[in-house]
Amino acid sequence: MKKLIITIGLAVLSIVAFSQDKLITKSGHAKFFSHTVAEDIQANNYKVISSITLSTGELIFSIPMQSFEFEKSLMQKHYNSPKFLDTKQFPKAKFKGAIKDMSKVDFTKDGEYSVLVSGSLTMHGETKELTEKGTITIKGGKVSASSTFNITLADYKIAFAKGKPSTNIAKTVEVTINVNY
Amino acid sequence: MLKKVLISVGILGAIGIIIAVSMFYMPHRDVLSASADLEVQSSELVKEFLTNASSANEKYLSDDGDSKILNVSGRIESISEDGLGQKVVLLKNKEDKMGVNCTFTLETNDQINNLKVGQIVNIKGVIRAGAEYDEDLGLAEDAIMEKCSLI
């Protein structure tokens with residue numbers, strides 16, 4: 001009887017542990033920043049969906065592209081248009097990857113861990129492999145992740161052929177991601 | 001004659017500048033005071049995207065990012081808050097795998113103070129993306145609405 005209770009107890013515990021292995025948030029933050037001589041442009045998005053799997057270090061991001069908000073309405077329209085990100089046809093950007101150096105991260109101990117994340121980013125219908133630096137922070141048992149990296153728009157076939165937007169948007173934009181799981 | 005030409009050119013130029021400046025400073029669409037383009041139940045909206053994503057994108061999303069303003073009815077599955085302090089109501093029927101994630105604004109937050117899980121409500125907002133189950137990512141993603149208010 002005692003054995004049975006212990007077995008059931010262990011089974012329940014492992015189910016609980018398993019269910020907490022994958023952490024999900026639906027309100028992560030993404031920002032991009034473009035600098036040219038003509039102007040600085042930035043946009044913010046607070047609807048980033050992300051998951052992290054603690055046992056494997058798998059990291060997933062899904063970004064609803066129409067949730068990026070710009071200071072100027074006209075810029076937002078340009079950004080969404082079929083000439084640029086074509087967000088009607090490609091409503092989400094997705095990243096699937098993993099923390100490469102998982103041995104550095106102790107999810108049970110508070111701290112800031114610098115990690116390398118590599119995986120594939122799909123945006124505007126184009127997929128590219130990338131490896132970027134990021135930070136995993138554990139504070140009071142809460143896990144968060146952040147990273148700042150550059151994206152070359154041409155890699156994803158994103159470009160204005162002509163006109164003012166073509167000169168006022170940088171060829172490479174800085175992307176910042178901040179998620180609290 | 002010359003004077004007339006100069007005046008007309010001047011007037012045309014001024015009109016051009018006014019149009020350019022007003023386009024540059026064109027305000028964002030005011031979702032809160034606009035009326036809804038479509039009314040739909042949360043289950044129905046999710047189902048449309050799961051059945052045929054491209055036709056649903058065509059129906060609900062717009063090229064310039066000012067996508068359809070929807071009046072969505074459904075059952076409150078949960079109420080939470082995002083990083084900006086905006087309230088988030090998830091409309092989802094019990095039998096559905098995904099729902100409609102509705103983010104309110106700091107101005108409309110108070111509208112849901114007295115709402116409870118399980119209640120049926122009508123929420124107006126702009127749709128940003130549809131629902132999908134991405135097998136590769138192992139993620140069930142709700143449809144996303146922002147600038148929400150209670151109807």
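## Interface of chain A and chain B

Across the interface of chain A and chain B, 20 residue pairs are in polar contact, both residues having pLDDT 80 or more. The elements of chain A that each supply at least two residues to the side touching chain B are strand S1 (22–35), strand S2 (40–53), strand S3 (58–64), strand S4 (69–70), helix H2 (73–80) and strand S5 (92–99). With five residues, H2(A) gives the most to that side. Sorted by class, the side of chain A that touches chain B has twelve charged, eleven nonpolar and ten polar residues. The model is a predicted one.

In total, 33 residues of chain A are in contact with 36 residues of chain B. The size of an interface is often expressed as the accessible area lost when the parts come together. Between chain A and chain B, the buried area is about 3100 Å², and carbon and sulfur atoms give 52% of that area. On the chain A side, the residues that lose the most area to chain B are Lys47(A), Gln66(A) and Lys88(A), which together account for 23% of what that side buries.

### Salt bridges

Over all chains the structure holds 19 salt bridges. Between chain A and chain B the count is twelve.

### Helix packing in chain B

Within chain B, helix H2 (residues 42–51) packs with helix H3 (residues 53–60) at an angle of about 125°, and their axes are 5 Å apart. H2(B) and H3(B) are therefore oblique to each other. From H2(B), the residues Leu45(B), Glu48(B), Phe49(B) and Thr51(B) meet Ala53(B), Ala56(B), Asn57(B), Lys59(B) and Tyr60(B) of H3(B). By class, the residues of this contact of H2(B) with H3(B) are five nonpolar, two polar and two charged.

Methods:
Residues numbered from 1 in each chain as written. Chains lettered and ligands numbered in written order. Predicted model: local features only at pLDDT ≥ 70, side-chain atom pairs only at ≥ 80, totals over all residues. Heavy atoms only, no water. Axes fitted to C-alpha atoms, helices over the stretch in contact; angles between N-to-C directions. Helix = DSSP H or I, 4+ residues; strand = E, 2+ residues; numbered from the N terminus. Parallel < 35°, antiparallel > 145°, perpendicular 65-115°, else oblique. Contact = heavy atoms within 4.5 Å. Nonpolar A, V, L, I, M, F, W, Y, C, P; charged D, E, K, R; others polar. Buried area = accessible area lost by both parts, 1.4 Å probe. Salt bridge = Lys/Arg side-chain N within 4 Å of Asp/Glu carboxyl O. Polar contact = N/O pair within 3.5 Å; in protein donor to acceptor, adjacent residues only side chain to side chain.
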